[in-house]
Amino acid sequence: MTHLPLYQQLLDSCAALLLLLSFAMLSQRRVVALVNLYAVQGAVLAATTLLLAWRTGQDHLYVSAALTLALKVMLLPWLLHRLIRRLQVHRDTEPLLNVSGTMLVGLVIVVFAFSLAQPITRLASTATRSAIGIALAVVLLAFLMMITRRKAVSQVMGFLSMENGVLFGAMSASYGMPMIVELGMALDVLVAVLVLGVFFFQIRERFDSLDLHHLESLKEHQ
Amino acid sequence: MNAIDWITQVLEVVVAVAAAPAFLGWLNQCRAWLQNRRAPSLWLPYRNLHKLFHKEALIAESASPLFRIAPYVVFGTMVVAAGIIPSMSTRLPLVGSADAIALVGLFAAARMFMTLAAMDVGTAFGTLGARREMMVGFLAEPALLMVIFVASQISSSTALPVITDHLASGHLGLSPGLAFSAVAFILVLLAENARIPVDNPATHLELTMIHEAMLLEYSARHLALMEWAAQLKLFNYVCIGFALFLPWGVARAHIGPIGLAVAIPALAMKLAVAGAALALIETVSAKMRVMRIPEFLATAFLFAVLGLLVHVLLKA
């Protein structure tokens with residue numbers, strides 16, 4: 001039995017937890033619970049960043065952790081909760097694939113992501129290199145969530161979760177991105193949520209529903 | 001192979017057979033306390049079995065010999081299973097004959113005889129129960145196998161005592177793979193033993209029942225054996241859980257006979273805690289619709305496979 005140091009075990013557990021949370025979001029139908037899961041995912045990500053910052057002594061990771069905490073655990077969930085309250089969407093409609101089917105597809109995706117990350121893992125030299133596969137899986141699972149959902153809010157949640165995966169991937173492959181890119185990304189996400197919030201109201205006003213299925217036809221009356 | 005090992009082996013089987021009804025009684029007691037009811041006696045399952053053994057056995061006219069022998073086969077399978085699960089000691093003479101995969105096969109054999117017997121008489125309820133049992137079974141079995149594979153990946157063996165020995169000795173630390181498979185195992189345990197989110201063990205003659213529906217045609221000693229076998233199955237599952245995830249206190253190879261003196265109180269303590277925990281799970285969750293069960297078991301399978309994948313990935 002290899003004896004991993006404690007911080008390594010903690011990092012691995014956090015990575016596994018992120019993957020689990022991705023699956024939980026994939027199976028969750030209630031939009032409010034989805035936002036809460038997103039906040040938890042953000043919190044785990046912040047904890048991982050903090051752990052890594054303390055371990056490697058890279059100061060910019062502290063800023064990154066603080067940014068994650070402020071934006072993804074507090075500000076964005078608060079904004080999204082307010083949006084959901086005002087839009088009165090509580091439950092996504094039945095997705096394109098049933099829950100067990102989505103889960104099995106998700107498992108295949110995880111296997112794919114893990115095998116895809118294997119060569120990258122061999123090249124990287126960071127302490128968290130084995131978690132690259134998990135980061136890739138989180139990104140692809142978020143993709144899957146965006147594909148299988150119909151309501152606009154759930155698709156945005158998928159988008160946000162994907163951004164979490166990207167950030168985690170950057171962290172495990174190279175201890176985070178340059179500060180300027182990270183700040184840009186945080187701003188991007190914030191603006192995206194604000195703009196999409198406006199979009200939601202427009203879509204609902206136009207179609208009386210947040211089902212994006214309506215946007216697929218060119219004419220209003222078929 | 002010395003005398004102590006054989007005594008341990010016999011003791012383990014005897015304790016499993018004797019304590020299984022008490023464990024169910026303890027679980028029911030905890031559940032009653034949690035639900036603010038007056039708890040039934042701990043010995044109620046024994047009195048029940050005693051009562052059933054002294055009644056006259058009635059068998060449907062259309063029943064074939066299979067119906068008669070099924071209770072003995074099911075009970076016998078569970079006793080054999082109790083013999084190969086290292087609940088007290090990892091030095092058991094019999095375990096060389098069967099590993100964890102064979103153990104899953106034993107449970108499958110018991111399930112097959114039970115469902116065939118339920119369909120044998122040809123009543124609607126029996127057939128319904130048998131079909132549902134098979135639906136639960138075919139989804140729960142792969143999940144259980146995956147759970148065992150995670151543990152055998154860690155200890156590079158599929159023999160339960162070796163796994164237990166390895167897990168009890170190693171400074172394993174936090175293992176996300178093992179944690180995931182523990183969750184999967186709890187879900188499988190609930191489904192396989194007809195506990196609350198999947199089946200309600202306290203109801204008779206309801207359209208939602210699974211396990212009880214299969215036993216409706218049995219009476220007297222046959223019913224007693226079937227019920228005892230079900231209690232033994234629950235006991236066995238809990239002991240598999242201890243062997244895989246809570247191996248502390250089990251007498252290991254180098255400890256010798258003194259270890260046994262520690263192992264028995266440790267087992268009793270673990271059983272008491274596990275019974276209370278199961279009662280808590282059953283109290284806080286509501287029975288699912290039958291059509292939701294595949295989803296529940298798909299989640300168990302997902303946890304188990306994730307555990308395996310994460311373990312393989314993070315070990316590299």
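How much area do chain B and chain A bury between them, and what percentage of it is on carbon and sulfur atoms?

## Where the chains meet

Welcome to this structure, which is a predicted model. Chain B and chain A bury about 2,000 Å² between them, and 81% of that area is on carbon and sulfur atoms. Area is a handy way to begin, because the size of an interface is often given as the accessible area lost when the parts come together. In terms of residues, 20 from chain B are in contact with 22 from chain A.

What about charges and polar groups? The count of salt bridges between chain B and chain A is zero. Residue pairs in polar contact between the two chains, with both at pLDDT 80 or more, also come to zero.

## The chain B side

Two elements of chain B, α7 (176-192) and α11 (293-315), each give two or more residues to the side that touches chain A. The largest share, eleven residues, comes from α11(B). Sorted by class, this side of chain B has 16 nonpolar residues, three polar ones and one charged one.

## A look at chain A

Now let us turn to the partner chain.

Among contacts in chain A between residues at least 6 apart in sequence, 74% join residues at least 24 apart.

Notes: Residues are numbered from 1 along each chain as its sequence is written. Chains are lettered from A and ligands numbered from 1 in the order in which they are written. This is a predicted model: local features need pLDDT of at least 70, side-chain atom pairs count only at pLDDT 80 or more; totals for chains, interfaces and linings use all residues. Side-chain values use heavy atoms; hydrogens and water are left out. Contact means heavy atoms within 4.5 Å. Buried area is the accessible area (1.4 Å probe) that two parts lose on being put together, summed over both. A salt bridge is a side-chain nitrogen of Lys or Arg within 4 Å of a carboxyl oxygen of Asp or Glu. A polar contact is a pair of N or O atoms within 3.5 Å; within protein, one must be able to donate a hydrogen and the other to accept it, and residues adjacent in sequence count only if both atoms are side-chain atoms. Helices (H or I, at least four residues) and strands (E, at least two) are DSSP runs, numbered from the N terminus. Ala, Val, Leu, Ile, Met, Phe, Trp, Tyr, Cys and Pro count as nonpolar, Asp, Glu, Lys and Arg as charged, and the others, Gly among them, as polar.
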